[in-house]
Number of protein chains: 2
Amino acid sequence: MRKGDTIFFEQAPAVIGWGSAAGKKESEGPLSAEFDALYPDTRMGQTTWEAAEQAFARSALETALQKSHLQAPHLDGVFAGDLQCQCTASGYLMRSIDTPFLGLYGACSTFAEGMGLAACLVATHAMRRAAVCTSSHFCSAERQFRTPLDYGGKRTPTSQWTVTGAGCAVLSQADEGKHPRITKAVFGRVRDFNVTDINNMGAAMAPAACETLLRFFRDTETAPADYDRIYTGDLGIVGTRLLRTLLQQEGFVLDNHSDCGMIVFDRETQNVGAGGSGAGCSASVFCAHILPRLSDGRMKRCLLMSTGALMSQITSLQGESIPGVAHLIEVCGPTEEGQS
Amino acid sequence: MRKGDTIFFEQAPAVIGWGSAAGKKESEGPLSAEFDALYPDTRMGQTTWEAAEQAFARSALETALQKSHLQAPHLDGVFAGDLQCQCTASGYLMRSIDTPFLGLYGACSTFAEGMGLAACLVATHAMRRAAVCTSSHFCSAERQFRTPLDYGGKRTPTSQWTVTGAGCAVLSQADEGKHPRITKAVFGRVRDFNVTDINNMGAAMAPAACETLLRFFRDTETAPADYDRIYTGDLGIVGTRLLRTLLQQEGFVLDNHSDCGMIVFDRETQNVGAGGSGAGCSASVFCAHILPRLSDGRMKRCLLMSTGALMSQITSLQGESIPGVAHLIEVCGPTEEGQS
């Protein structure tokens with residue numbers, strides 16, 4: 001079941017339903033037509049940005065349940081996390097979801113961490129069905145990590161724009177080949193190359209992304225060409241270039257790669273710096289853009305590697321560098337086998 | 001493998017090593033002689049409280065590895081979490097531990113959440129060996145959740161004193177009956193009874209603790225008397241009384257119960273309000289006090305239910321109530337079977 005850092009699922013869990021929700025800026029981006037729900041009011045009628053983020057997560061979760069023909073009590077667990085201090089978007093959302101709650105923190109890598117963990121528990125029958133739901137919100141994240149919006153701080157070109165949105169996927173024990181399946185997972189190792197610029201998370205995360213991908217290729221004896229596409233969480237343009245350079249040094253050419261942070265926004269016209277980021281970025285792109293393509297056969301086999309920068313505002317103010325981590329899942333179309 | 005919310009481990013993972021570390025106030029408490037390492041300098045020679053907390057976690061992890069006769073590369077994963085914003089005590093510690101990192105957030109319930117998850121992965125061979133490590137620090141927690149120490153705020157009698165310390169346990173696939181084993185796990189549901197007092201977390205967590213315990217008793221058809229002792233994470237005196245009252249209403253008398261937050265300090269002499277708390281509380285007490293008793297036969301079968309209050313400073317300032325969650329594990333001595 002395991003080789004190196006890669007976990008192989010003999011009974012690959014099926015992704016039986018998924019949902020995505022996104023805000024105004026995302027609705028003006030390239031993936032606009034693909035999200036399940038778009039909300040022009042990024043406050044979602046709430047009095048705080050933090051409560052608004054909960055509402056995005058709720059929308060994604062409700063859509064995913066609906067598409068799965070399930071209700072919350074049918075789930076054996078919800079794996080959830082976000083960027084707010086003490087993960088309150090998820091914890092507070094779970095007040096109204098009467099299902100066991102497994103709180104995760106992997107910064108922007110949380111979605112793939114959750115999918116990997118949920119796949120482990122569902123594949124081995126510890127859970128029959130589980131949901132993975134992660135979210136982020138531009139306004140709650142700016143306050144959390146940088147400065148409150150009211151401060152009107154100038155953004156640097158390497159900075160990334162936190163996606164306002166959420167994604168949720170429901171995993172179930174193997175079906176009759178009707179749904180995409182999670183076939184492998186790698187939980188990443190923390191890497192820190194001493195980047196201290198809070199406005200350059202792409203550079204901080206690229207070494208961890210490279211580490212995880214190299215280990216996966218070695219464990220599975222595969223190469224980029226074995227996949228229709230390799231998606232990274234949110235390295236942005238800076239981290240993407242670094243990842244490709246690092247991989248090239250190891251003999252891998254990454255020419256079938258997309259970064260969720262770069263496809264969710266149009267960097268030319270949307271003033272998002274190096275691209276999108278946030279725990280809701282890879283989650284919403286995976287559910288809006290990737291799963292549908294695996295489901296209808298446009299893609300047969302792909303990788304999602306969500307990347308996370310593990311700093312806080314306190315560690316930044318204390319002059320600490322930014323550790324990165326990257327978790328990976330292999331996802332196959334309904335009738336495809338995982339590469340082995 | 002599953003009934004209700006309870007996961008049963010057919011091949012119960014063994015806890016092959018453990019370590020605990022604690023600070024000055026803990027060294028003056030009732031469990032002083034039981035911790036593996038006591039550090040009178042609660043700053044651990046570091047320049048920040050946040051870095052000091054990392055050092056406590058590192059001490060517990062290193063002791064656990066040493067007792068397991070393992071080194072970090074022998075682990076397939078470390079499940080870790082803490083109370084700092086963005087879980088930085090764990091994320092930063094993992095920079096120097098070259099092992100896959102699974103970041104968790106369950107507030108003070110994180111240790112039992114991690115033990116449950118690690119047990120699931122080890123029991124099903126997704127991992128051969130995994131460590132669970134959680135920490136807390138009075139000084140980093142006060143700044144995070146209430147006021148900086150320098151403010152000199154007056155404490156209320158219902159408030160709890162965050163344990164400065166950490167605990168780490170190493171799980172491995174079944175051995176030849178030489179070590180304590182994790183035989184069952186329950187991941188808890190979030191409960192919110194509208195407590196808004198940040199200085200009364202025990203009351204906020206008691207309903208979640210009651211919920212988890214009742215579900216476990218129902219799923220396993222057991223009662224308190226089937227266990228040598230039932231440990232809760234850190235309900236303190238207020239939460240403990242509430243839990244016992246709530247359980248009594250359901251027909252269960254809880255007279256073999258200890259709260260980790262109440263046995264780690266002497267409430268009469270140590271000025272700790274309602275008792276101890278923190279992600280390092282149940283972790284360090286489990287590793288210093290509970291596992292040794294299971295290991296040498298003084299106890300045969302017990303429950304650990306860590307409890308968490310899921311608020312942040314931001315949600316408190318926004319007037320939100322405090323959601324609670326409680327995760328549970330059943331742990332048996334080397335030759336005992338879990339109740340089934």
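A salt bridge here is a side-chain nitrogen of Lys or Arg within 4 Å of a carboxyl oxygen of Asp or Glu. By that rule, 10 salt bridges cross the interface of chain B and chain A. Take B:Arg189 and A:Asp98: they pair up with their closest N and O atoms 3.2 Å apart.

Before going on, some ground rules: this is a predicted model, where local features need pLDDT of at least 70, side-chain atom pairs count only at pLDDT 80 or more, and totals for chains, interfaces and linings use all residues. Residues are numbered from 1 along each chain as its sequence is written, chains are lettered from A in the order in which they are written, and side-chain values use heavy atoms, with hydrogens and water left out.

Now the contact itself (heavy atoms within 4.5 Å). Chain B puts in 57 residues and chain A puts in 57 residues. About 4,700 Å² is buried between the two chains, with carbon and sulfur atoms giving 58% of that area; buried area is the accessible area (1.4 Å probe) that two parts lose on being put together, summed over both.

How do the two copies relate? Superposing chain B on chain A takes a rotation of 180° with 0.0 Å of shift along its axis, at RMSD 0.0 Å (least squares on the C-alpha atoms of residues with pLDDT of at least 70 in both). The copies are therefore related as by a two-fold rotation axis. Both use the same surface, too: 100% of the contact residues of chain B recur in chain A.
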